[in-house]
Amino acid sequence: MFHVNRPQCQQTIPRKPSGASRRIVRTARRGTSDSSRTEWGREKRRSIKCIVGLVAPDGGSIHLNGVDVVCRSSYARQSVAVVFEEADNSYSYLTVRENLLYFGLLNRLSMAEAKQKADKLLDLFGLSEHAHRLTQTLSRGMKQKLAFSIALMKGAPLLFLDEPTLGLDVESQRQMRHLLMEKSEWWNTVLITTHDIPFAHAVGERFLFMKNGEIIWEGTKDRFATPDDLETAFLSAIGVGSRA
């Protein structure tokens with residue numbers, strides 16, 4: 001579980017505050033997938049960085065499993081694996097497999113453990129035949145899969161995905177949906193920020209709508225029989241109204 005209350009996140013540490021996320025209060029239950037619909041833009045990314053311990057907020061509090069990660073940012077970095085929408089967490093001059101091994105070793109796996117885990121993830125994401133390609137030669141969709149794989153090398157219980165379907169083709173989006181809909185050995189809880197309503201409806205169990213850094217609605221999937229129902233509720237919540 002994590003709880004965020006009035007963090008004002010800085011773009012870098014310890015520069016002037018950006019004013020992002022004036023008030024966020026969020027509880028994620030273990031073993032669930034939460035989907036956030038947001039209009040933040042760049043503030044969203046900074047807010048995520050605050051939550052996962054990459055950027056220090058200069059106000060408010062952030063708790064993960066009861067631990068104040070503002071004071072103990074290392075706990076957040078150990079407990080959360082994040083994939084940002086740019087999928088830029090790999091090194092272009094390394095191969096796909098070398099990237100996985102590097103991040104496995106960085107997270108204190110032995111070489112044998114890193115190799116075993118990397119091979120499982122290559123197979124899981126359909127990257128085995130591309131294992132020896134340089135990352136810079138990959139398509140946008142394959143880079144997204146690699147970014148996801150790198151995050152899972154960490155072995156963190158909470159997986160934070162920012163726009164995970166961005167740049168994926170239809171087949172890859174389908175694979176991503178099925179992967180997240182299944183109970184997995186790779187994570188306990190998934191938190192997703194997305195503008196892809198059909199995807200959110202398919203994989204989400206609890207939903208959170210946000211506008212200007214404020215939670216304006218939250219609830220469970222049983223309220224929405226179809227993606228159109230979810231879209232209508234979101235548009236109504238932000239004051240736009242349903243589509244014609």
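Q: Among contacts in the chain between residues at least 6 apart in sequence, what percentage join residues at least 24 apart?
A: The share is 65%, where contact means heavy atoms within 4.5 Å. The structure is a predicted model, in which local features need pLDDT of at least 70 and side-chain atom pairs count only at pLDDT 80 or more, whereas totals for chains, interfaces and linings use all residues. Residues are numbered from 1 along each chain as its sequence is written, and side-chain values use heavy atoms, with hydrogens and water left out.

Q: Why does Val67 count as buried?
A: Buried means under 20% relative accessible area, exposed means over 50%, and partly exposed lies in between (1.4 Å probe, protein chains only). Val67 has 14% relative accessibility and therefore counts as buried. Apart from neighbours within four places in sequence, Val67 is in contact with Ile62, Arg72 and Tyr75.

Q: Why does Tyr102 count as partly exposed?
A: The relative accessibility of Tyr102 is 35%, so Tyr102 counts as partly exposed. Tyr102 belongs to helix 3, residues 96-106; helices (H or I, at least four residues) and strands (E, at least two) are DSSP runs numbered from the N terminus.

Q: What makes a nonpolar surface patch of about 430 Å²?
A: Tyr91, Tyr93, Tyr102 and Leu106 make this patch. Patch residues have over 30% relative accessible area and no salt bridge; like charges are joined within 9 Å and nonpolar side chains (Val, Leu, Ile, Met, Phe, Trp, Tyr) within 5 Å. A salt bridge is a side-chain nitrogen of Lys or Arg within 4 Å of a carboxyl oxygen of Asp or Glu. Areas come from the Shrake-Rupley method with a 1.4 Å probe, and for residues only the protein chains shown count as cover.

Q: How do you know that strand 7 and strand 8 pair?
A: Two strands pair if DSSP finds at least two bridges between them. Strand 7 and strand 8 (residues 158-162) have four bridges, in the parallel sense. Ala81 has Leu159 in strand 8 as its bridge partner.

Q: Which way do Val80, Ala81, Val82 and Val83 point from strand 7?
A: Val80 and Val82 point one way, Ala81 and Val83 the other, and all are buried. In a regular strand the side chains alternate between the two faces of the sheet.

Q: Which residues touch the most other members of the largest nonpolar core?
A: They are Phe148, Leu152, Leu159, Leu161, Leu180 and Trp187, in a core of 35 residues. Helix 5 gives the most to this core, with eight residues. A nonpolar core is a set of buried Ala, Val, Leu, Ile, Met, Phe, Trp, Tyr and Cys residues joined through side-chain atoms within 4.5 Å.
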